[in-house]
Amino acid sequence: MAELRLRAQYTKLGDLRFTSHLDLTRVIERAVRRAQLPIAYSEGFHPKPKIAYGPALALGITSRVELADFQLARPTEAAVFQQKLNAVLPQGCQITKVAPVPENEPALTTLIDRAAYRITVDPEVVPSASTLSKAVQDILEQETVIVQREKKGRRRRVDIRPYLIDLVVSQTGEGKVQVDALLQIGSAGATNPKEVLGLFGLELAQPGVAVERTGLYTCANNHLVELI
Amino acid sequence: MKPEAIRSIVQDEILRKVTKPARYLGSEVNAIHKDWDQAKVKVALAFPDSYEVGMSHLGLKILYHLLNLDEKTVAERVFAPWPDMEEELRKREIPLFSLESYRPLTHFDLVGFTLQYELSFPTILNMLDLAEIPLRAEDRGAEDPLVVAGGPVAFNPEPVAPFFDLIVIGEAEELLPQVIEEYKRYKEEGGSDRLGLLKRLAKNEGIYVPAFYHPTYKEDGSLAGWERSGDVPFPVRKKVIKDLESSFYPTNFIVPYLDVVHDRGMVEVFRGCTRGCRFCQAGMIYRPVRERSIQTLTDLALAIIDATGYDELSLVSLSTGDYSGLAKLVDELLPELSKRGVALSLPSLRIDSFAVELAKKIQTVRKTGLTFAPEAGTQRLRDVINKNVTEEDLFKAAEAAFSAGWHSIKLYFMIGLPTETLEDVEGIYHLAKKVAELGLKIKAEKGIAKQINVTASVSSFVPKAHTPFQWARQDTREELRQKQRHLAQLFRREKYLSLKYHDVQVSFIEAVLSRGDRRVAKALEEAWRRGAKLDGWSEFFSIERWEEAFEATGVDPYFYANRARPFEETFPWEIIDSGIKKDYLLKEWQLGLAGKTSDDCRGGCDGCGVCPALKVSNRLKHR
Ligand code: SF4
């Protein structure tokens, strides 16, 4: 079936992890033009292709679950769309799934309010799971978890405890420690992997620390719902 | 160091720490990754500035794709690492590497630097140092790459001559492939007779091997001439493409991840300019004009969009408004580009209402600010510099622009031009003010709500080599500062006017470096040793470093920048023959001093000498 609005799930891996969200949107827009897909354009002096992206992913984090909605000028089949776009997209950014979206569905950034991340730490940085397990237990037992945020040079203290939905620690076969974090994101209040790492005294830019986004969801009646 | 080792350290340890890591990836769409072992000649194309500046430079892109056409040649890119990256590399002793294969520059046969502006000289030295290549050609051996330079600034190569094994003069598309062919032969013959290779190369038109030329000086410090070792040509004549239409032009441009300075597709409409502005080096050294046809340009434009996916296409040249088929070209391109959601941009428009008409047409796709370059504030001074634009032209263009809905106009000017008086300086203010008043009148008539703004952007004149103004002195820094202060005072009270001007210190160093002889090289090296690099960036430029370097090396900067040069003086850049006769430049200098203009040679030859000397002619495609 040919559709006018398509949702695509895509990856941000390899070299692409060193690009910003804005860079990535340019990569995708240019690929759409190279693929000569019939994308719709906005009106006005600066016509922009009608592509609505999911929540931005910080530079340095990989993902296999990024989402974007494409508004098309002519009905296009999902399979054709995926195949044409993948042929011109760079290696690290490949579309893994395409599905139609109802015309009246709200924007991805409105829908999405949960994100899952997997933090993987080398044994040189954190030797065993138990250290982190202890830290996680402490955090989850607290009623408030205060972090410092800086915006335009102004510091602010924020309680992120309500946004730490779940933290689970495990150990991989290779002796690496993993933290699976489910976080609240979106306009109703959010935290991010950088702040979570900070709770453990770790940094996003630190060698031996890798972060991947593993899921984007909308939360309905305490259930996580996938968007594709 | 092995490329794999460099890659893993850089990607795993460094890139997440530095700003804009996408500068260092080399995996952009359309980047070319060739089989290293299959290649006979490996070339690193080096740009002595940041990735964002270098990736905006058309010449580098043309060469990259041209050289890579040859199966036996690998061409890769390298830019100046940003200081945070440099620090990480130096800390780990990682040598400067190419973006595509992460190979140290010492693994390449040739390292070619583009010389676009003088302030990038210290960055060249810094890059050589980071690459662990000896700075001076005389210290390099058979194991080291040949370090090559080219580009417009190479037309006075002397201040950087000791750092290069060879310098190509003219259009590198013609020259580099020739160098590569000679290099292949050299390698087939065993690749050990470096001197023999240089000797062979030096015989070619457009190739300058500084080691074979030894400048001598008179007692008064001026240049006496050059002693030559062996049978090498003198002067070295530039080489040009005769027919641009049939010359190579790429369409599969690399598409950067980052937002670079000029992040768009570019089609070169023509090369050269014949307007004859007396201060303009590009207008002299790129002569004559050679155009591409509308058909070729349209084909190229669409092929570039298909291959890159850019949302903007720019028609570039020294003065795109002068293209003989411009109106038709725009009419053909616009609908095709709009269909693809692509905007068209026309930099370097002329000052006339036709230009505004065009700008109006293309704003159907995108609206950008309008810029005009009257260059001087009074008619008298515009005649001196041969900028054939009247106040009337400017007002008509401005009127058309305001009526068409633009509310902000930028005007480019220079201060410190030969014969300039206080009246000329004030003329900048008066002209800007009149344009703003015109805008206010039209705004009132049309009931436009937007605030009118006229910005005067004022740079300081640098007398450049190979131009009619090469005999002129640069105003001292104090003179320039006074003029700037005077302007600032006039502009201060004006609500609708803004003023921007350049740092006089930067213009002063630019003058020393562009007018210098080979003795300036040691001051340059000293400035680099004291930390000069990325001097085109105001946050890194420091005049103290340069002053100290001049002091320490006994180089007198005023001798080069602020001294009017007598007619009989031999210039350092006379080692290079741009094809233009010195007599012609002198005649133009005298006409200028007398306030007399000259015509654009499209209408009839002015006798500059380029066409007969290089056996070329102006090639206009549509008349
Ligand atoms: S030789 Fe004549 S036609 Fe050719 S560039 Fe010079 S002035 Fe123009």
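## Contact between helix 1 of chain A and helix 9 of chain B

In this predicted model, helix 1 of chain A contributes A:Arg30, A:Arg33 and A:Arg34 to a contact with helix 9 of chain B, where the partners are B:Ile305, B:Asp306, B:Ala307 and B:Thr308. By class, the residues of this helix contact comprise four charged, two nonpolar and one polar.

## Extent of the interface

Across the interface, 27 residues of chain A are in contact with 31 residues of chain B. About 2500 Å² is buried between the two chains, and carbon and sulfur atoms give 52% of this area. Within chain B, the residues that lose the most area to chain A are B:Arg16, B:Tyr257 and B:Gly309, which together account for 29% of what that side buries.

## Polar pairs and composition

Between chain B and chain A, 15 residue pairs are in polar contact, counting pairs with both residues at pLDDT 80 or more. The interface also holds one salt bridge. In a salt bridge, the side chain of A:Arg30 meets that of B:Asp263, at 3.0 Å from N to O. A:Arg30 is also among the residues of helix 1 of chain A that meet helix 9 of chain B.

On the side of chain B that touches chain A, the elements giving two or more residues are helix 1 (3-14) and helix 9 of chain B. Helix 9 of chain B supplies the largest share, four residues. By class, this side of chain B has 14 nonpolar, 11 charged and six polar residues.

## Backbone features in the loops

Most peptide bonds are trans, and most residues other than glycine have a negative phi. Chain B has a cis peptide bond from B:Phe234 to B:Pro235, with omega near -15°. B:Pro235 is located in the loop between strand 8 (223-228) and strand 9 (236-237) of chain B. The peptide bond from B:Arg287 to B:Pro288 is cis as well, with omega near -10°, and B:Pro288 lies in the loop between helix 8 (281-285) and strand 12 (290-291) of chain B.

In chain A, A:Asn221 has a positive phi, near 45°, and is a residue other than glycine. A:Asn221 lies in the loop that runs between strand 10 (209-220) and strand 11 (223-226) of chain A.

Conventions. Residues numbered from 1 in each chain as written. Chains lettered and ligands numbered in written order. Predicted model: local features only at pLDDT ≥ 70, side-chain atom pairs only at ≥ 80, totals over all residues. Heavy atoms only, no water. Contact = heavy atoms within 4.5 Å. Nonpolar A, V, L, I, M, F, W, Y, C, P; charged D, E, K, R; others polar. Buried area = accessible area lost by both parts, 1.4 Å probe. Salt bridge = Lys/Arg side-chain N within 4 Å of Asp/Glu carboxyl O. Polar contact = N/O pair within 3.5 Å; in protein donor to acceptor, adjacent residues only side chain to side chain.
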